[in-house]
Amino acid sequence: MPALHPLLRNSLIAVATTAVLAGCASTTAGSVAGGQRSQLMVVSEAEIVQAAQQAFAQQNAKARAQGALVTSGAEFNRVNTVMRRLVPHVAQFRPDAARWPWELVLINTNELNAHVMPGGKVTVYTGLLRRMGMTDDELAVVIGHEMAHAFREHSREQISQQAVGDLAVSLGGALLGLGSGGTQLAGIAKQVALDMPYSRNMENEADIYGLELAARAGYNPAAALTLWDKMAAAGAGQGPSFLSSHPSASDRTARIRAALPKLMPIYEAARRR
Ligand SMILES: [Zn+2]
């Protein structure tokens with residue numbers, strides 16, 4: 001995780017000092033292939049989700065002004081159909097998150113990238129769709145991965161870790177009367193979604209939960225093997241958020257292979273239904 005801009009750090013301190021101390025808990029049931037652990041959460045979910053909504057709206061307004069926002073048409077419908085099929089299966093891990101207002105936008109750029117903001121706001125860049133020649137199974141792996149970051153609340157966890165770390169060294173800064181207004185929080189949400197890479201552990205977790213999600217929705221989790229190979233070969237990873245802290249392709253392939261014996265029966269059962 002890179003060092004934070006001082007303004008952002010101050011905002012985080014302000015947020016943390018006004019936050020309810022929720023302590024360490026896992027908000028999600030485990031996946032069949034592991035992933036259960038405790039998470040530090042000192043910032044409220046509601047604050048983060050509200051801030052993310054604002055950041056998502058700002059992102060979309062900017063893309064719309066550039067004529068790059070895609071919210072209809074064949075390409076959008078294809079991705080949205082995959083996401084809609086995955087959403088009900090989030091209940092397996094977290095019933096509340098299956099009822100979130102999950103939302104998708106495409107942004108028309110050549111980037112090989114996708115990201116998610118807290119509360120289930122998914123953005124996919126059209127370069128990813130057009131340059132990778134993805135099957136629906138591979139697409140489900142990508143969308144499932146992003147959705148898992150959201151329902152595992154990895155951004156809230158990162159903000160909490162950052163806030164607590166900073167509090168320990170500079171509690172004084174928190175007393176300077178910095179407001180934790182909506183605009184400031186929206187900036188934080190944007191920064192976390194777009195500029196701060198998730199930890200390796202979070203990436204591994206998003207893989208595993210995302211694959212189980214895909215399997216439960218009847219998408220073949222083995223598609224992850226071809227997908228991440230293709231992504232690595234295409235040089236994805238230059239982008240700031242999607243793949244930059246992701247494990248090497250060979251590590252990732254090994255972990256996915258190890259999880260597949262648990263995931264394939266779920267997929268096969270879903271196919272029979
Ligand atoms: Zn990720």
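Reader: How do the residues lining the largest cavity divide into nonpolar, polar and charged?

Author: The lining has eight nonpolar residues, four polar and three charged. Keep in mind that this is a predicted model.

Reader: How is such a space found in general?

Author: Rolling a probe the size of a water molecule over the atoms shows where empty space is left. Here the count is two cavities of 30 Å³ or more. The largest cavity holds about 90 Å³ of space.

Reader: Which residues lie nearest the centre of the largest cavity?

Author: Pro 118, Gly 119, Ala 150, Glu 153 and Ser 155 do. They belong to a lining of 15 residues.

Reader: Which helices and which strand each supply at least two residues of that lining?

Author: Helix H2 (45-65), helix H6 (136-151) and helix H7 (154-174) each do. Strand S5 (114-117) does too.

Reader: Let me take Glu 153. Where is Glu 153 found?

Author: Look in the loop between H6 and H7. The phi of Glu 153 is near 55 degrees, a positive value in a residue other than glycine.

Reader: Is Glu 153 buried or exposed?

Author: The cut-off for buried is under 20% relative accessible area. Glu 153 has 7% relative accessibility, so Glu 153 counts as buried.

Reader: And Ala 51, buried or exposed?

Author: Ala 51 is buried, at a relative accessible area of 2%. Its place is in helix H2. Now compare sequence and space. Ala 51 and Pro 118 are 67 residues apart in sequence, yet their C-alpha atoms are 8.6 Å apart.

Reader: What share of the contacts with a separation of 6 or more comes from residues 24 or more positions apart?

Author: For this chain the share is 76%. Buried residues make up 53% of the 273 residues. In secondary structure, the chain has eleven helices and six strands.

Reader: Now the sheet. How do I read strand pairing?

Author: Strands of a sheet pair through backbone hydrogen bonds, either parallel or antiparallel. Here, an open sheet of four strands runs in the order S3-S4-S6-S5, and the pairing is mixed. Strand S3 (69-70) and S5 stand at the edges with a single partner strand each, so one side of each has no neighbour in the sheet.

Reader: Which way do S3 and strand S4 (residues 103-107) run, and how many bridges join them?

Author: S3 and S4 run antiparallel, joined by two bridges. Val 70 has Leu 106 of S4 as its bridge partner.

Reader: Are S4 and S6 parallel or antiparallel?

Author: Parallel, with five bridges between S4 and S6. Leu 104 stands opposite Val 122 in S6.

Reader: And what joins S5 to strand S6 (residues 121-125)?

Author: Four bridges, and these strands run antiparallel. Val 116 pairs with Val 122 in S6 as its bridge partner. S5 and S6 form a hairpin with three residues between them. Gly 119 sits in the turn, with a positive phi of about 90 degrees. Recall that Gly 119 is also among the residues nearest the centre of the largest cavity.

Reader: Which residues of S6 point which way?

Author: Lys 121, Thr 123 and Tyr 125 point one way, Val 122 and Val 124 the other. All of these are buried. S6 is mostly covered, with five of its five residues buried.

Reader: One more element. Where does helix H11 (residues 249-272) bend?

Author: At Leu 260, by about 50 degrees. A proline, Pro 261, follows within four residues.

Reader: Which residues of H11 are buried?

Author: The buried set is Arg 252, Thr 253, Ile 256, Ala 259, Leu 260, Leu 263, Ile 266, Tyr 267 and Ala 270. Leu 260, the site of the bend, is one of them.

Reader: What covers the buried residues of H11?

Author: The cover includes H6, helix H9 (200-216) and helix H10 (223-233). H6 also supplies at least two residues to the lining of the largest cavity.

Note on methods. Residues numbered from 1 in each chain as written. Predicted model: local features only at pLDDT ≥ 70, side-chain atom pairs only at ≥ 80, totals over all residues. Heavy atoms only, no water. 1 Å grid on protein atoms, 1.4 Å probe; cavity = no way out; pocket = protein on both sides within 12 Å on 5 of 7 lines; lining within 4 Å. Points joined across faces, edges and corners; volume = space filled by probe spheres on them. Nonpolar A, V, L, I, M, F, W, Y, C, P; charged D, E, K, R; others polar. Bend = angle between axes of the 7 residues up to and from the residue. Buried < 20%, exposed > 50% of the residue type's maximum accessible area, 1.4 Å probe, protein only. Contact = heavy atoms within 4.5 Å. Pairing = 2+ DSSP bridges.
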